[in-house]
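Work through the exercises below with the model open. Try each task before reading its solution.

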Amino acid sequence: MNYRKEFETCFEYVESHLKDGITTEELANVMGYSLYHFCRVFYAYQGMTPMEYVLERRLAAAFGELQQGRKVIDVSCDYCFETPSGFTKAFRKKYGISPAELKRTWKQEKDRMNDTNAPMKSCIRDIEPIGISGYSMSLDYGDSAFKEELAAYWEGYEENNIEERLYATLNPKKHAEIGVVVRKENDRSIHSYLLGVMEQNKSDNLPWVNYTIAGGKYAVFTTAPVDMTKCENDFAKRIKDTWRYIFGVWFESTTYQYDESREAFEYYDERCHFSEYSVMDIYIPIKE
């Protein structure tokens, strides 16, 4: 069974009640499931318990409010933490920094981001290969009609409900999409853009294209948050600005080199849902 629509309703409810005393029973009622069935299905779908998910979303929202200069004690109270010390402990475990440390360093970091369109954070990570399957279309980067081709790709993706069909037919274990440009070896100007889910198509009767993203060392950049409730287009602009920062600023100040033998890719999960704190990740293959 495809639970995606039901869980979208659940996630939206969580986002709108982060400052309320959400309970597991309450979320089960929103989904229309028994408490036992809801907990079992939620863990299988999301890889964590319902209240662990609520905690993650509260911490993410608190992160944004701390960046805006709010007091730690006020934020901890708003997001239903029993004590500021309990909030600090959970925050440090999640982000590796205390709320007070974040506030002390954020002004300088905010100025830097405003000047360079830098991401919220970045790290170096070794990953295993990732098998994906999705909707693909060839694009000629050397053709003057490239922009029209790319627009046609997204028009087809949206008009044909590709995202919903991918989840319904492949039923991936994790809710996340990956966008990757796949290069053709015999023609460097002809690429395919593939947007897919983290599950490979094993049926000849389904139209989805399989691809495996190479593992190895990647620089991972999390975009600075955007309030999509005010303007959805700002999210796409922030992603473009982050790409520009990576190649225009970051590579100029690091000893790492871009590894052209592997593809960069974009990673979208529940953090980029329509919210006041939407972010996504860009993975860049690197080598020493």
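**Exercise 1: a serine in a loop**

Task: leaving aside neighbours within four places in sequence, find the residues in contact with Ser-98.

Solution. Contact means heavy atoms within 4.5 Å. With neighbours within four places in sequence set aside, Ser-98 is in contact with Thr-88, Phe-91 and Arg-92. Helices (H or I, at least four residues) and strands (E, at least two) are DSSP runs, numbered from the N terminus. Last, classify Ser-98: its relative accessibility is 7%, so it counts as buried. Buried means under 20% relative accessible area, exposed over 50%, partly exposed in between (1.4 Å probe, protein chains only).

A note on the model: it is predicted, local features need pLDDT of at least 70, side-chain atom pairs count only at pLDDT 80 or more, and totals for chains, interfaces and linings use all residues. Residues are numbered from 1 along each chain as its sequence is written, and side-chain values use heavy atoms, with hydrogens and water left out.

**Exercise 2: helix α10**

Task: compare the span of α10 with the expected span, then list its buried residues.

Solution. Helix α10 covers residues 233-250, 18 residues in total. The expected span is 1.5 Å times one less than the number of residues.

Now step to the loop between β6 (216-222) and α10, where Ala-224 is found. Ala-224 counts as buried because its relative accessibility is 7%. The C-alpha atoms of Ala-224 and Thr-242 are separated by 8.4 Å, with the two residues 18 apart along the chain.

**Exercise 3: aromatic rings**

Task: classify the ring pair of Trp-250 and Phe-251.

Solution. Rings of Phe, Tyr and Trp (its six-membered ring) pair if their centres lie within 6.5 Å; planes under 30 degrees apart count as stacked, over 60 as edge-to-face and the rest as tilted. The structure holds 22 aromatic pairs. In one of them, the centres of Trp-250 and Phe-251 are 5.0 Å apart and the planes stand at 75°, so the pair is edge-to-face. Both residues are buried. Ring pairs also join Trp-250 and Phe-251 into a cluster with Phe-221, Trp-243, Phe-247, Tyr-256 and Tyr-258.
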